[in-house]
Structure formats: C-alpha cells, structure tokens
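Trainee: I would like a close look at a single part of this model. Please take me through one loop and its surroundings.

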Amino acid sequence: MLAQAADEAKVYVVDDDADVREALALLLRSVALRTEAYADARSLLDAWRGVPAHGCLLVDLRLPQMCGLELHRTLRTLGCRLPTIIMTGHGDVRAAVGAMKAGVFDFVEKPF
C-alpha cells in the first residue's frame with residue numbers, strides 16, 4: 001500500500017523563473033518523484049483535475065498575477081489539502097508568519 005501511495009504522489013512545482021522551475025523538477029525526478037511544473041498559478045489552476053490524495057505543492061511566493069499564498073488559498077477553496085511549501089528569494093518575518101497563519105506546511109528561502 002505504501003508503494004502504491006508513493007507511486008501516486010506528485011510534487012507540483014510553481015515558479016516563474018524557468019531555470020529554478022526546471023532545476024527543481026529535474027532534481028525531484030532524479031529521486032523518482034512524479035513532478036509537474038508550472039510557470040504561474042493560472043497554469044496550475046487551468047490544469048487542475050480534482051484533488052489528488054498524495055503529494056505536495058512547492059510554490060514560489062512571488063508569482064505574476066496571483067502570488068503563491070493566493071494560489072494556496074484558492075486551492076484550499078477547491079478542496080485541496082496537499083501540504084504547501086512556500087519558497088522565496090525575498091523572505092522576511094512578516095511574509096513567513098503570514099504564510100504559516102495561512103496554513104502552509106513550510107516556508108523556505110532561496111537559494112536553498
């Protein structure tokens with residue numbers, strides 16, 4: 001059962017920086033994690049097909065049109081309960097506290 005859950009798990013990477021997005025997707029795939037990568041929140045939402053049972057979201061805080069926290073909140077309204085990890089190159093205490101209060105799983109600073 002655990003192997004089946006791991007096979008179904010997927011990491012959704014959302015980052016507008018193509019180099020970061022592609023590097024993260026490559027790294028995750030190199031350890032056999034199924035990965036989908038998106039350049040912005042709208043692209044992920046347009047591709048969203050229901051609520052997966054396993055996986056996580058790795059989302060940049062600063063995205064065009066819809067920031068990472070807005071994406072997190074939108075997915076929550078759609079019933080998504082996957083853990084969200086917010087990443088940013090522009091972190092500060094206020095942003096980190098806001099993210100944690102919004103229910104994100106973790107807040108990490110770039111570069112990692």
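**The loop between S1 and H2**

Mentor: Aspartate 17 sits in the loop between S1 and H2. Keep in mind that this is a predicted model. Strand S1 covers 10-14, helix H2 covers 18-30, and aspartate 15 lies in the loop between them.

Take aspartate 15 to begin with. Its relative accessibility is 0%, so aspartate 15 counts as buried; the cut-off for buried is under 20%. What does aspartate 15 touch, leaving aside residues up to four places away in sequence? The contacts are Val20, Arg21, Tyr38, Ala39, Asp60, Leu63, Met87 and Lys110.

Now move to aspartate 17. Its relative accessibility is 35%, so aspartate 17 counts as partly exposed.

With a relative accessible area of 47%, leucine 78 is partly exposed. Beyond residues up to four places away in sequence, leucine 78 touches Leu45, Trp48 and Val51. Glycine 50 is 28 residues from leucine 78 along the chain, and their C-alpha atoms are separated by 8.2 Å.

Key: Residues numbered from 1 in each chain as written. Predicted model: local features only at pLDDT ≥ 70, side-chain atom pairs only at ≥ 80, totals over all residues. Heavy atoms only, no water. Helix = DSSP H or I, 4+ residues; strand = E, 2+ residues; numbered from the N terminus. Buried < 20%, exposed > 50% of the residue type's maximum accessible area, 1.4 Å probe, protein only. Contact = heavy atoms within 4.5 Å.
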